[in-house]
Amino acid sequence: EDPGVVTKQPFCFGLTVEKVTIQSVDEKWNVSFVGKEEITRKLVSLHSIGIYHNTRETNRNPLVWDNVTQLRLTMQALIFKSSMKELLNDYLLYPISGQFKVIINKSKTFDKPKITAEALINTVKLQLAAEQFHDIINFLGWSRGYINKIDYISVFEHRPKSDRVTEKNTIQWWKYAYKCVNSKLTAKRRQWSSDYITNRRSDRLRYRELYSK
């Protein structure tokens, strides 16, 4: 954590899945053994998959455990199952079940898609509460500030320790600003260098060669 993290309003975000099955099928989507064929089909079944966002974790029962086994059992109890009548989490995407019919093309030609998928889902229910919306906005704002820092992480060690600009550290802040701008310009110039372009081209050709296999 750092001073930019909003710690006064913690939240919990995650994904719960009861079960996922992947089976090989024939042309009529019946489960069967498949040999080495150019076109293979997979039937993916999802059971009670949902996305939750709990905004008031302090009002819920805390996760307390003495060993790894208790932790596993406690976490499993929070997973929504089709037999449950009560939701234990605040879901953004209510638990849904469905199937995906996936067709995989293993041929070396590029005239057909490598992977096609058809989703069969009866009902999709979404919900967004005001507190969840505010948590997401705060998190995105913090993420944006963090991402902006990544561009200048190589010169971050030259950043003045004080966040306030005063008469004593004005020169240090100007030097830091110069290093930030110069580092970004240097990275852009590097993309137009002959070495970078040559390496990029060889990587793409190698990628196409491996992908066709």
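Buried means under 20% relative accessible area, and exposed means over 50%. Apply these cut-offs to the predicted model above.

**Exercise 1. Find which residues of helix 3 are buried, and where they lie around the axis.**

Solution. 
- Start with the helix itself. Helix 3 covers residues 170-190.
- Check its length. At 1.5 Å a residue, its 21 residues should span 30 Å, and the end C-alpha atoms are 30 Å apart, so the two agree.
- Pick out the buried positions: Trp173, Tyr176, Cys180 and Ser183.

**Exercise 2. Locate the salt bridge and explain how its partners are placed in helix 4.**

Solution. 
- Search the whole structure. One salt bridge turns up.
- Name the pair. Glu209 bridges to Arg206, with the closest N and O atoms 3.2 Å apart.
- Look at the spacing. Both belong to helix 4 (residues 194-212), and they are three residues apart, which means a separation of about one helical turn.
- Recall the geometry. An α-helix has 3.6 residues a turn, so residues three or four places apart point the same way.
- Glu209 is partly exposed at 37% relative accessibility. Arg206 is also partly exposed, at 42%.

**Exercise 3. List the largest nonpolar core and the elements that give two or more residues to it.**

Solution. 
- The core has six residues: Val44, Leu46, Ile49, Leu93, Ile96 and Val102.
- Strand 2 (39-54) and strand 3 (91-105) each give two or more of them.
- Now take Ile96. Beyond its neighbours within four places in sequence, its contacts include Leu46, Ile49, Ile121 and Val124.

Terms used
Residues are numbered from 1 along each chain as its sequence is written. This is a predicted model: local features need pLDDT of at least 70, side-chain atom pairs count only at pLDDT 80 or more; totals for chains, interfaces and linings use all residues. Side-chain values use heavy atoms; hydrogens and water are left out. A nonpolar core is a set of buried Ala, Val, Leu, Ile, Met, Phe, Trp, Tyr and Cys residues joined through side-chain atoms within 4.5 Å. Buried means under 20% relative accessible area, exposed over 50%, partly exposed in between (1.4 Å probe, protein chains only). Helices (H or I, at least four residues) and strands (E, at least two) are DSSP runs, numbered from the N terminus. Contact means heavy atoms within 4.5 Å. A salt bridge is a side-chain nitrogen of Lys or Arg within 4 Å of a carboxyl oxygen of Asp or Glu. The expected span of a helix is 1.5 Å times one less than its number of residues. The arc is that of the directions from the helix axis to the C-beta atoms.
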